[in-house]
Amino acid sequence: MNLWKNYKDVLHDTITLRNEVGSVWAQWEGKGTSLTAKTYTNEHIIKSREVEIWNEKSCIYNNIIYPKTGSNLPCFGMDLMGFADKKVIIVFDFQHPEENFEYSIPGLPVYEGDYRFFEIGNHFSKNIYIAKCTMSEVNEHLDMFKTYLTNFKFMLELEKPTGTDTSEYKDFDAYMTRLDPVGGYLAAKFGKEKAESLVNDFLFEYG
């Protein structure tokens, strides 16, 4: 299943990302489910780390882009979760690494719904985009995804960050580790040891 192909195409068309040696962190198969974990980088990004998990019925794509440091920029995160044909959740946002840092961009939608999993105002911005739809409707949100990414690209090009002090992401990754719900699912598919390694050594390694 390649539910999120158009989103990945927009990502790579908007933000120039490149593979480097060792960019494939994992390629797993377990209980009818496949997983790939890869990293990308560029001159103003420490890493873009993506995980895709799929089987015949579902496809989940997660990525967080970490800017190089020194310019107080947010990360850009996306959770594109197709659990079943009629159960799809699309989330993307500017995720600031500083705790309780209220972040927003004028002109972009302000989320006013209730979604308890995401704590708006603590690493998640007021512009967090959350949509529920069916698999046949995912591309209806593609233009907004591109708008958000274009804003992120503009930030990178304006600030041109070059620092590599990953300690700036320590609180952010620790928070995301506590919040992330994927550990149990991964353990059931690939085993507890692999699941813990993916969360602690790949997804949120700076925490």
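Mentor: Let us begin with contacts: two residues are in contact when heavy atoms of theirs lie within 4.5 Å. Please keep in mind that this model is predicted. Among contacts in the protein chain between residues at least 6 apart in sequence, those joining residues at least 24 apart make up 59%.

Trainee: How many helices and strands does the protein chain have, and which pattern does it follow along the sequence?

Mentor: The protein chain contains five helices and seven strands. Reading along the sequence gives the pattern α-β-β-β-β-β-β-β-α-α-α-α.

Trainee: How is the radius of gyration to be read for a chain of 207 residues?

Mentor: One sets the value beside that of a compact globule. For 207 residues such a globule would have a radius of gyration near 17 Å, and the protein chain has 16 Å, so the two agree. Along the principal axes, the C-alpha atoms fill a box of roughly 45 × 35 × 30 Å.

Trainee: What share of the residues is buried?

Mentor: A residue is called buried when its relative accessible area is under 20%. Of the 207 residues in the protein chain, 50% are buried. The accessible surface comes to about 10,300 Å², and 48% of that surface belongs to carbon and sulfur atoms.

Trainee: Which residues have the most contacts inside the largest nonpolar core?

Mentor: The largest one here has 35 residues, and Trp-4, Phe-76, Ile-90, Phe-94 and Phe-145 have the most contacts inside it. Two or more residues are given to this core by each of α1 (5-14), β4 (59-67), β5 (75-84), β6 (87-95), β7 (129-133) and α2 (142-159). The largest share, seven residues, comes from α2.

Trainee: What does Phe-145 touch, leaving aside residues up to four places away in sequence?

Mentor: With those neighbours left out, Phe-145 touches Tyr-7, Val-10, Leu-11, Phe-76, Met-78 and Phe-92.

Trainee: Is the pair of Phe-92 and Tyr-129 stacked or tilted?

Mentor: Phe-92 and Tyr-129 are stacked, with 4.6 Å from centre to centre and 10° between the planes. Because Phe-92 lies in strand β6 and Tyr-129 in strand β7, the pair ties together parts that are 37 residues apart in sequence. Phe-92 is buried, with a relative accessible area of 0%, and Tyr-129 is buried as well, at 16%. Both residues belong to one aromatic cluster, which also includes Trp-4, Tyr-7, Phe-76 and Phe-145.

Trainee: What should I look for in the backbone angle phi?

Mentor: Most residues other than glycine have a negative phi. Asn-100 has a positive phi of about 50° although it is not a glycine, and His-123 likewise has a positive value, near 75°.

Trainee: Where do Asn-100 and His-123 lie, and is each buried or exposed?

Mentor: Asn-100 lies in the loop between β6 and β7, and His-123 is found in the loop between β6 and β7 too. Asn-100 is exposed, with a relative accessible area of 53%, while His-123 counts as buried at 1%.

Notes: Residues are numbered from 1 along each chain as its sequence is written. This is a predicted model: local features need pLDDT of at least 70, side-chain atom pairs count only at pLDDT 80 or more; totals for chains, interfaces and linings use all residues. Side-chain values use heavy atoms; hydrogens and water are left out. A nonpolar core is a set of buried Ala, Val, Leu, Ile, Met, Phe, Trp, Tyr and Cys residues joined through side-chain atoms within 4.5 Å. Buried means under 20% relative accessible area, exposed over 50%, partly exposed in between (1.4 Å probe, protein chains only). Helices (H or I, at least four residues) and strands (E, at least two) are DSSP runs, numbered from the N terminus. Rings of Phe, Tyr and Trp (its six-membered ring) pair if their centres lie within 6.5 Å; planes under 30 degrees apart count as stacked, over 60 as edge-to-face and the rest as tilted. The radius of gyration is taken over C-alpha atoms; the globule rule is 2.2 Å times the number of residues to the power 0.38. Accessible areas come from the Shrake-Rupley method with a 1.4 Å probe; for residues, only the protein chains shown count as cover.
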